[in-house]
Amino acid sequence: MNRVVALRAGPAVAEPMVEVRGLSKVYPGGVEALSDITLNFPKGKLTTLLGPSGCGKTTLLKIVAGLIPASAGEVSVGGRKVTGPGPERAFVFQDFALLPWATVLRNVAFGLELRGTGRWEREATARRHIEEVGLKGFEDAYPHQLSGGMRQRVGLARALAVDAEVLLMDEPFSAVDEQTRRKFQEDLLALVAGKGKTFLFVTHSIEEAVYVSNRIVLLSRRPSRVSEIIEPDIPRDLPPDRIRRHSAYIDTVEEIWQGLKRYLE
Amino acid sequence: MTLFGLRVPMVASLVLWAALWEVVGQAGATILIPPLSHVLVRLVEIVPTESFAEALGLTARAFVLGTGIAVLAGVPLGVLMGRWEPADRLMLPWVNVFVSAPLSALVPVIMALFGFGELTIVLTVVLFAIWIIVLDARAGARAVSPSLSEMAQSYGAGPLQAFAKVYLRAALPEILAGIRLGLVRAVKGVIIGQLLVSVVGFGHMFEIYSSNFLMEHMWALLLVLFALAFAIDGVFARLEKRVEYYAAARQ
């Protein structure tokens, strides 16, 4: 039922936004995190990196973000080679990474503040995105006054406010409680459908990956290689409860679990 | 505190020691310890004099200037060391040496280089105060969570922006703790500097009093200086408490 695309890059479904070629990463001390990874991330889609814990998913994401250098190979975004962080990419952090001394408004506007956008303009933009993520009324609150889920909404609004074409999300919902996480996943689907942005999403939850992804890249245990690419054949326009009961959803979850099981023990 | 079933207030010990001092003084055991009551009379006598006001002015000026320089140079240096390995490698051995070295021994060197004036005293204050400020700012900068610095980087902050907008603020609790310790050391510096230079300020007054065996005057002056140091520390401790709330909320 699922189209299991051939190993490695596979045929590009859409125009690739992020291209990874022959990427390897060896940490000082000799730990080999990634080994010769070649991947395309199609434009306007959400691609998930999924694999056993400690397999280097986050390492791959941070290399794409330009936060850590690759040992070999290269990454290009929109055809341009990545040499460091850039305005066309925005990162959403697992632990939110909010400034504890700044209000929600300033946190959301922080990316624009760093770019030198004028105060009036950046705050107007920030207010729009605060409303978009459902935090209207909390503009003047401080992070420690918010719940985990609300803090991650601030992190998401900050990434949206800089209007990057590529959103890099590093286990964004893992520090959030289960109910909030489900709501987040539904909101994320709407965001992917409505924005036309390219999403790179890291998670260790199989259900989450199948629920939100257009494309799932399974990584093997360290040193990571691409072991399989799966495109869940689930109609995305169904209501959330129908998706979770759709046979394609259930089958894909099971199939991925069978594939990952061999990496345990 | 309770003693033999009776509640004894905290000031009781102070009163006890003061009484002991008075008794020893009145007994005339040694010329070095005059009775406390006589000292207090001298204190009231000395404080309104012009030479006292002049010495206090000079001390305050040297203290403010010296700590100002120590803070303005020490905090950025400490944060730089905390965030940039080469700077840390280069400076840390020196900072560690100076933070525990007997700095009074260096004052004559400063004196030889910069003469017997106010400049020497200001530099002594800097010398005493700066190292602990550097060390604490460094510790604060190192404690900034990695994801916060990655966040700054990924949203395009250059090194200067990251310093001004993230590291400095994130390290503020440690920086303030360092400044407070630095202030205490600065008080030592400003007094020791004057004692060694001994031709200006309180140092000059001490010199006159001790060479003329004016023990009552000397003790009075000491009491004033102790009280000043205590007050400065107390004021800053209060200031620090007001910032502590977000050190806890930082995680």
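User: Which residue stands opposite A:Val20 in strand 5 of chain A?

Analyst: That's A:Val75. Keep in mind that we're looking at a predicted model. The two residues sit in strands 2 and 5 of chain A, which run antiparallel and are joined by five bridges.

User: What makes strand 2 and strand 5 of chain A count as paired?

Analyst: The cut-off is at least two bridges between two strands. Strands 2 and 5 of chain A have five, so they pass.

User: What joins strand 2 of chain A to strand 3, and what do the two strands form?

Analyst: Seven bridges join them, and the strands run antiparallel. A:Pro16 stands opposite A:Pro42 in strand 3. Together the two strands form a hairpin with five residues between them, and in the turn A:Gly29 has a positive phi of about 105 degrees.

User: What makes the phi of A:Asp36 worth a look?

Analyst: Most residues other than glycine have a negative phi. A:Asp36 is not a glycine, yet its phi is positive, about 50 degrees. You'll find A:Asp36 in strand 3 of chain A.

User: Why is A:Asp36 called partly exposed?

Analyst: Count the C-beta neighbours inside 10 Å: A:Asp36 has 15. Buried takes 20 or more and exposed takes 12 or fewer, so with 15 A:Asp36 lands in between and counts as partly exposed.

User: Is A:Glu171 buried or exposed, and why?

Analyst: Buried: A:Glu171 has 20 C-beta neighbours inside 10 Å, and the cut-off for buried is 20 or more. A:Glu171 is found in the loop between strand 8 (166-170) and helix 5 (178-195) of chain A. Its phi is positive too, near 40 degrees, although this residue is something other than glycine.

User: How do strand 7 and strand 8 of chain A pair, and over how many bridges?

Analyst: In the parallel sense, over four bridges. A:Ala90 stands opposite A:Leu167 in strand 8. In strand 7 (residues 89-92), A:Arg89 and A:Phe91 point one way, A:Ala90 and A:Val92 point the other way, and all are buried. In a regular strand the side chains alternate between the two faces of the sheet.

User: Why do we say the buried residues of helix 3 of chain A line one face?

Analyst: First, the buried ones are A:Arg122, A:Thr125, A:Ala126, A:His129 and A:Ile130. Looking down the axis of helix 3 of chain A, they fall within an arc of 140 degrees, so they line one face of the helix. An α-helix has 3.6 residues a turn, so residues three or four places apart point the same way. The buried residues of helix 3 pack against helix 2 and helix 4 (148-161) of chain A. On the face turned away from the buried side are the exposed residues A:Trp120, A:Glu121 and A:Ala124.

User: What span is expected for helix 3 of chain A, and what does the helix reach?

Analyst: Helix 3 (residues 119-132) has 14 residues, and 20 Å is expected at 1.5 Å a residue. From its first C-alpha to its last, the helix reaches 20 Å, close to that value. After helix 3 comes A:Gly134, with a positive phi near 85 degrees.

User: Why is helix 1 of chain B said to lie largely in the open?

Analyst: Of its 17 residues, one is buried, so helix 1 of chain B lies largely in the open. Just after this helix, B:Gly28 takes a positive phi of about 70 degrees.

Note on methods: Residues are numbered from 1 along each chain as its sequence is written. Chains are lettered from A and ligands numbered from 1 in the order in which they are written. This is a predicted model: local features need pLDDT of at least 70, side-chain atom pairs count only at pLDDT 80 or more; totals for chains, interfaces and linings use all residues. The expected span of a helix is 1.5 Å times one less than its number of residues. The arc is that of the directions from the helix axis to the C-beta atoms. Two residues are in contact if their C-beta atoms, placed from the backbone, lie within 7 Å.
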